[in-house]
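Biologist: I have a structure open here and a few questions about it. Can we go through them one at a time?

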Amino acid sequence: MRTISILGSTGSIGTQALALCRLHPEEFRVKALTAHANSKLLFEQVREFQPEMAGLTKPIPMEDIPQDLRHVKWVMGKEALHAAAAEVPCDMVLVSVVGIAGLQSVMDAIHAGRTVLLANKEALVTGGHLVMDAAKKMGKPMLPVDSEHSAIFQCLEGAKGNRPSRLILTASGGPFRTWTKEQMEGATRAQALNHPNWSMGAKITIDSASMFNKALEMIEARWLFDMPPEKIQVTVHPQSIIHSAVEFDDGAVIAQLGVPDMRVPIQYAMAYPHRLPTGCQPLDLFALSGLTFEKGDPERFPALRLAVECMNAGGAACTVLNGANEAAVAAFLKDEIPFGAINRLVEGAIDRLAGLPANNLEDIFHADAEARRVVAELLAK
């Protein structure tokens with residue numbers, strides 16, 4: 001039996017991970033659960049899975065915790081993430097919190113000797129060199145949970161010494177795949193949140209619409225698989241059946257296919273190197289009407305261009321891109337800016353903050369704060 005702590009247990013990834021724990025009680029034991037503010041659902045999860053520790057990063061008074069759950073150790077505020085990642089003994093930590101908050105949690109888990117199941121792009125986007133160096137020193141694998149990176153990881157498992165020459169990241173194209181740049185400029189929040197294939201949180205759904213999600217995945221892949229930017233290709237695949245692929249030096253291309261269901265990559269990380277039933281529907285090839293592919297368009301979706309520029313720039317450029325995007329998306333979700341302004345705000349922050357260092361966590365958090373400050377200034381104008 002493997003023990004697991006889940007950071008972000010009330011979100012989409014966290015709830016599906018718990019569904020797998022429920023499906024395989026002989027395989028997994030939940031040791032810690034944290035959430036941001038959804039105390040009602042967290043209470044239900046704690047009641048069912050009986051972890052040793054639970055916490056909310058948005059604190060509530062201890063008297064608001066139900067009487068029957070007070071035997072559990074409760075930690076409030078940011079310390080909840082640290083306690084679940086590093087203090088509660090466990091084999092693995094699923095980091096599925098949103099944003100740069102995941103970076104410190106990933107580092108805490110690595111330094112505590114845990115295997116990290118990574119469902120937080122920002123940890124590698126902002127601090128990939130630090131994270132991968134720390135994981136290497138501790139001798140622990142970094143197991144991806146994102147469907148695209150899990151697919152690449154699974155493809156590489158079948159390499160058998162054949163050297164990869166290109167990573168092919170597939171993208172659904174989001175709700176604006178066929179829209180012109182002018183049409184996207186004034187897109188509404190409701191239109192941007194209407195993803196055709198996946199059910200995700202608001203921020204990641206907006207990122208899918210702008211393709212910043214894919215930009216962040218390019219940076220994540222660069223660190224996870226030690227691949228230079230020019231060998232990472234984004235291919236729009238609207239059916240979301242091929243989750244990603246790897247091209248090898250001998251010309252072979254290995255792809256991972258399946259119905260769009262996050263339980264498959266989640267279980268692969270949780271049970272690695274084994275596979276367990278997920279309850280997902282198997283892929284019926286005869287039911288498919290066809291699989292289509294399009295080149296990612298950096299003109300309509302500037303995030304793809306910005307990702308490559310920031311990777312090549314080095315330093316804290318990717319941190320600035322991420323922080324500025326988080327701030328811009330938050331403004332869009334509050335109806336403060338049009339959809340097209342997200343790209344302009346991010347590029348404005350990158351232009352102003354070029355050259356910031358990223359030698360340690362302090363540098364990274366400083367660059368992130370500076371990116372948000374610049375976006376706030378640009379918004380004020």
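Biologist: How many disulfides does the structure hold?

Modeller: The count is 0 disulfides. Keep in mind that this is a predicted model.

Biologist: Are cysteine 155 and cysteine 280 buried or exposed?

Modeller: Cysteine 155 is buried at 2% relative accessible area. Cysteine 280 also counts as buried, with 16%.

Biologist: Salt bridges next. How many are there?

Modeller: The structure holds 24 salt bridges. One of them pairs glutamate 48 with arginine 22, at 2.7 Å from N to O.

Biologist: Where do glutamate 48 and arginine 22 lie?

Modeller: Glutamate 48 is in helix α2, residues 39-49, and arginine 22 is in helix α1, residues 12-23. The pair therefore ties together parts that are 26 residues apart in sequence. Glutamate 48 is partly exposed at 42% relative accessible area, and arginine 22 is partly exposed at 45%.

Biologist: What about lysine 181, which residue does it bridge to?

Modeller: Glutamate 299, with the closest N and O atoms 3.6 Å apart. This pair links distant parts of the chain, 118 residues apart: lysine 181 sits in helix α7 (residues 181-185), and glutamate 299 in the loop between β12 (294-295) and α12 (303-313). Lysine 181 is partly exposed, at 39%, while glutamate 299 is exposed, at 52%.

Biologist: Which residues do shared partners join into one network?

Modeller: Lys121, Asp146, Glu148, Lys214 and Glu217 are joined that way by salt bridges.

Biologist: Changing topic. Which residues form the nonpolar patch on the surface?

Modeller: Leu257, Leu285, Phe286, Leu291 and Phe293 form it, and together they have about 550 Å² of accessible area. Leucine 257 belongs to strand β11, residues 253-257, and counts as partly exposed at 37% relative accessibility.

Biologist: Where is glycine 139?

Modeller: In the loop between α5 (121-138) and β7 (142-144). Glycine 139 counts as exposed, at 59% relative accessibility. Its C-alpha is 9.4 Å from that of threonine 115, which is 24 residues away along the chain.

Biologist: Now the whole chain. How many helices and strands does it have?

Modeller: The protein chain has 15 helices and 12 strands. Its radius of gyration is 20 Å, close to the 21 Å that the globule rule gives for 381 residues, so it is as compact as a globular protein of that length. The C-alpha trace spans about 55 × 55 × 40 Å along its principal axes.

Biologist: What share of the residues is buried?

Modeller: Buried residues make up 55% of the 381. The accessible surface comes to about 16200 Å², with 53% belonging to carbon and sulfur atoms.

Biologist: And what fraction of contacts comes from residues 24 or more positions apart?

Modeller: They account for 67% of the contacts with a separation of 6 or more.

Terms used
Residues are numbered from 1 along each chain as its sequence is written. This is a predicted model: local features need pLDDT of at least 70, side-chain atom pairs count only at pLDDT 80 or more; totals for chains, interfaces and linings use all residues. Side-chain values use heavy atoms; hydrogens and water are left out. Patches are made of residues with over 30% relative accessible area and no salt bridge: like charges are joined within 9 Å, nonpolar side chains (Val, Leu, Ile, Met, Phe, Trp, Tyr) within 5 Å. Accessible areas come from the Shrake-Rupley method with a 1.4 Å probe; for residues, only the protein chains shown count as cover. A salt bridge is a side-chain nitrogen of Lys or Arg within 4 Å of a carboxyl oxygen of Asp or Glu. Helices (H or I, at least four residues) and strands (E, at least two) are DSSP runs, numbered from the N terminus. Buried means under 20% relative accessible area, exposed over 50%, partly exposed in between (1.4 Å probe, protein chains only). A disulfide is a pair of cysteine sulfur atoms within 2.5 Å. The radius of gyration is taken over C-alpha atoms; the globule rule is 2.2 Å times the number of residues to the power 0.38. Contact means heavy atoms within 4.5 Å.
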